[in-house]
Amino acid sequence: MDLSSINPAVLIASLMVAAVPIMLAAIGELVVEKSGVLNLGVEGMMIIGAICGFITAVETGSPFLGFIGGAVGAAVLSLIFALLTQVLQANQVATGLALTLFGLGLSSLMGQGYVGIKPPATGMVPFGPLADIPVLGRVLFRHDPMVYISIGIIAAVWATLKFTRMGLIIRAVGESHDAAHALGYKVTRIRVLAILFGGAMAGLGGAYLSLIRVPQWTDGVTAGAGWIALAIVVFASWRPWRVLIGAYLFGGISVLQLNLQVANVPIPPEYLSMSPYVITIIVLVIMSSGRGRAALNAPAALGQNFHAAR
Amino acid sequence: MFTLEKRPSPSQFWIWATPVLAVALTMLAGGGLFALLGKNPVDAIRTIFWDPLFGEFAFYLRGQLLVKAGPLILIAVGLSLGFRAGIWNIGAEGQYIMGAIFGAGVGLAMFPTESRWIFPVMIVAGAFGGWLWAMIPAILKTRFNTNEILVSLMLVYVAQTILSKAATGFLRNPEGMGFPGSRNFSSFPAARNTDLIAGSGMHWGVVAAFITVIAAYVLLQRHILGFQIKLAGQAPRAARFAGVAPTRLVVMCLGISGALAGLAGMFEVTGPAGQVTIDFASGYGFTAIIVAFLGRLNPLGILLAGLVMALTYVGGEMASTNLGLPSAAIQAFQGMLLFFLLAVDLLSNYRIRFLKGRAV
Amino acid sequence: MTTGTELLRIDGVTKAYPGVVANDNVSFAIQTGEVHALLGENGAGKSTLVKMIYGLVKPDSGTMRLHGQPYAPSQPSAARTAGVAMVFQHFSLFEALNVAENVALGMENPPPMRELAARIKSVSEEYGLPLDPARMVGDLSAGERQRVEIVRCLLQDPKLLIMDEPTSVLTPQEVDILFKTLRQLAAEGTAILYISHKLEEIRALCDEATILRRGKVVGTCTPRDVSAKEMAELMVGAVLTPPARAASRDWGDATPALEVTGLSAPSPIPFGTSLKDISFSVDRGEVLGIAGVAGNGQDELLLALSGELRGAAGMVKHKGAPIGDTGPNARRAMGFVAAPEDRLGHAAAPDMSLVENALLSGTIRKGLTRKGFINWGATKAWAAEIVAQYDVRTPGTWVAARALSGGNLQKFLMGRELSQAPEVVIINQPTWGVDAAAAAFIRQEILNRASDGAAVVVISQDLDDLLVVSDRFAALNEGRLTPPRPTKGLTVEEIGLMMGGAHGMEVAHNG
């Protein structure tokens, strides 16, 4: 066992990277759920984002276009979810599962010719001398742009939900679609747009996995990250900044367990690698057993379909 | 444009016609997908849906159908009870794995004893393993109100790491020269799940699946518990009014589906798979979700749906060897089937009215 | 009242839904500064008509004119821009949002939140409807919620204010305050379209009335000049006989059939009302009426009596035996039946057939299962019996519950509970959303059960229900129950005070 090989600064820096995919997917899902829709297809959208982003980046040579491709690909997939649940009134849980199963299959099909290829590298944001500050520079100023963009998205979602009319309308629709409809808001349209946003965010997160975090294409590259993103929304009790905390917490655990495996800690590696999932369960239990508060903050119309009867 | 109009009562015709329509639409869309992959769509669809039943090798492949359908039906019937009650166990894959590990573990512990009691004990152990794994989300839900969807799913990943530990560690074949994987059950007759009629594919797991279908049918049609399950799913508050205890229902539904998934895993590992390996779990637990919906959460429907889904597996393998169709295409194809099913499902509860379009 | 100029004219408006013509060639006009009543029974087409004026529904044919100009709002925001505002009966507030946010959602161009909060405070006080803009709507009483809706409308200087059954959530004292506010508004020139089926209110408030029956205008009148009875006959289309009650008799029981002592329980419903120290008792053959404005613990009280909400054993006693900790089926075995307010979703499963819905609560008392196996034959026969005896209009017992009209479903559900030879009957809102004929029938059935010797508790927000059926009367107010008093001789003022008076509302000061 050699714990001295673990450098705290590197650890923090890499947990920030590890957190990005789930943070993006979770903040997207947060908006979706705030509008009253439960999309369990995050895993499927993420992996479609991963492969679409990967293919786009490899074919164009541009990581930037890759991220766009990932976001678009997953958003198109989420459109199927929107069509089924919002127009055709399908059950949201079942449709979400279908999205995941289909996404896993389709991504593997699309990725046939792309196994073992290296994607074009994404550079660091040039912070110049800031990056050379000891410890702090390594932690804060030596990252790819997506690390900062993802935090920016959290801030933007927070501000939008809290301060803007659009945010108010999204929250209102998620609270009671009947009341929102009675006041003349287009419930279905608002929800479809939220679902598309959620899809695009999950796609960005997926593309980050295949382009930067891993970085290559393998079948099932998301390995449950989409599900963990769903858990983080619950952990965050639907508050944007807590998504950031949750994602960092989870990123920390997954980075730490890898480091511990490398450091030959006398715990069987299998048990270390299951730890993120076990800890997710424990966190879910803690959050939901505090009954009431977390439950009350959940959008009241979450998961219910809306059909304007008369 | 069209508008949806809710039917006063669900249409009996469409309830049964929608799965058929969904399969047909999936064939069309799947054909398109295969065409995109540069395959002849007619050939591909025929290879998948026709050849295993009536083609050259049908005598062998029909047996394979039962082998694939058995675990799918077993798991899907269990899941359907929970789905009807609004209890979403989507971690059947994990329960399937744990059933296999428990069943195989108990059997291997008794190697090389020969007794006719070994296999029955293994069956009980397999069901227990799956049940135990499903009790985790059940207890967390009833005690702490934790979302069973996420917990049961997380436990799939945990089960997979336990599986790889089993294959490389505590269940590894001591005579396997260090290769991962347990002792093969083909060399352990007392613990083997063989074909009851040689070459038919009819092993104990398939028998269990048929029995389960009948039992579930009786439960849902005739028994008050079945009624309570349906009631809890459709109108939870009405269920409480009717005196249904939600906690008991959660424990029961998750317990049954876990035990059935565990059974399926146990029958698979001792029969068709033959040993515990790292890649033992092949996704039956997830595909069974599709089977449950395709069968309209009705046991008899699930029986048919399991056979159709088995057809896509067997036919998919054929298409993969004969036509070079990537095996991932079948997975996408199955996912597509669920989409179409959910989409056309609306026909049973809504009437579509097309608005008179103005001539342009 | 000075008559103003014509504000809104509805001309030959028709709207049909599959199977029903909601509005058939409806015409009427409203002047500025007029309080105009739209009178009709449940299902007469009032709601559809106002939804068209508010832009939620488009008429199939006919025209509307506002200020003499053609008026055809494509959506509510267009209606709001044109000066039409609406206070809804249900479904237009968001419980988890605060008052200011709720108000902002109903406005076209709301000012920034801080400014809006200040305006809410000033307008609400000007009209005697005090409100705290930062409070969560879920924590407000039903009357306060209505104030939110009214203030939301007032902030937009409406020319026409539509009010849909506004008094169903108010105590008599609160009704007086509301009427003062409305008269003040009318005096300032706002036209008010007032929807109701309560005749005395309309006589007290409205200048003109249009009466609808089955989607058609069946009459217009000046409410002050005609009697309530004349309006009732126009509205219902028939003369109704009040229910008859048998002479009370002594059943000779030493202990009351149902006794509740110190019942307290937290509400299991989000934003619900906890029950606080409730005590009462009901003897055989007696009807206890429990009044109260919506959201004062009615649902919770029903849950606690039916066994869905359990507490300490001694809080509820049946013939002296403590049963407060038993579940619904154990209580059914003892002779309890209960009918919750919410028919679709609580009392009945909407997508299940009438047969299955009969089984839902009849399993125990009707012996419909043996060793857990269902006797479908007996269940079908019983469901058919209910349909026949309680005059439920349905094509058959295989029909899904949601396919029945509100009144027919209520008759079926009442029949289901009352035909189980009950010893204790608990009913919440027996006649909610039911037409007058069905309401009279249901009240009669409740009285019949009491004369058969059942102890009956009727919880209702409709004072008419309670005054007709109950021997003793109590009221729920914020989860507390007043001591029951004999119904005979109670005045409306006394009843109003029992219900909590005006809930801290101030009388409008004319300014």
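How many bridges join strand β1 (residues 6–17) of chain C to β2(C), and which way do the two run? Eight bridges join them, and the strands run antiparallel. Before going further, a word on the ground rules: this is a predicted model, where local features need pLDDT of at least 70 and side-chain atom pairs count only at pLDDT 80 or more, while totals for chains, interfaces and linings use all residues. Residues are numbered from 1 along each chain as its sequence is written, and chains are lettered from A, with ligands numbered from 1, in the order in which they are written.

**A sheet in chain C**

Strands here are DSSP runs of E with at least two residues, and helices are runs of H or I with at least four, all numbered from the N terminus. Two strands pair if DSSP finds at least two bridges between them. On that basis, chain C has an open sheet of four strands in the order β2-β1-β4-β5, with antiparallel pairing. β2 (20–31) and β5 (69–70) of chain C are at the edges with a single partner strand each, so one side of each has no neighbour in the sheet.

**An enclosed strand**

Now jump along chain C to strand β13 (residues 287–291). A residue counts as buried if 20 or more other C-beta atoms lie within 10 Å of its own, as exposed if 12 or fewer do, and as partly exposed in between, with C-beta atoms placed from the backbone. Five of the five residues of β13(C) are buried, so the strand is largely enclosed by the rest of the structure. C:V287, C:G289 and C:A291 cover one side, C:L288 and C:I290 the other, and all are buried. In a regular strand, side chains alternate between the two faces of the sheet.

β13(C) is joined by four bridges to strand β20 (residues 455–459) of chain C, running parallel, and C:G289 has C:V458 as its bridge partner there. Four bridges also join β13(C) to strand β21 (residues 472–477) of chain C, again parallel, with C:A291 opposite C:A475.

Over in chain A, A:G41 is found in the loop between α1 (8–34) and α2 (42–60). Is A:G41 buried or exposed? A:G41 is buried, with 31 other C-beta atoms within 10 Å. Contact means that C-beta atoms, placed from the backbone, lie within 7 Å. Leaving out residues up to four places away in sequence, A:G41 touches A:F81, A:G96, A:L99, A:T100 and A:G103.

Among the contacts of A:V243, leaving aside neighbours within four places in sequence, are A:M23, A:I154 and A:I232.

**Domains and interfaces**

Chain C is assigned domain 1 (6–236) and domain 2 (258–498), with bounds from an automatic or database domain assignment. Their centres, taken over C-alpha atoms, are separated by 32 Å. The contact takes 16 residues of domain 1 and 14 residues of domain 2 of chain C. On the domain 1 side, α5 (142–154) and α6 (172–187) of chain C give two or more residues.

Between chains, 38 residues from chain B meet 40 residues from chain A, with α14(B) giving the most to the chain B side, 11 residues. 26 residues of chain C are in contact with 18 residues of chain B, and α11(C) gives the largest share of the chain C side, three residues.

In the table, Ala, Val, Leu, Ile, Met, Phe, Trp, Tyr, Cys and Pro count as nonpolar, Asp, Glu, Lys and Arg as charged, and the others, Gly among them, as polar.

| Side | Residues by class |
|---|---|
| Domain 1 of chain C, touching domain 2 of chain C | five nonpolar, eight polar, three charged residues |
| Chain B, touching chain A | 27 nonpolar, eight polar, three charged residues |
| Chain C, touching chain B | 15 nonpolar, nine polar, two charged residues |

Notes
Contact = placed C-beta atoms within 7 Å.
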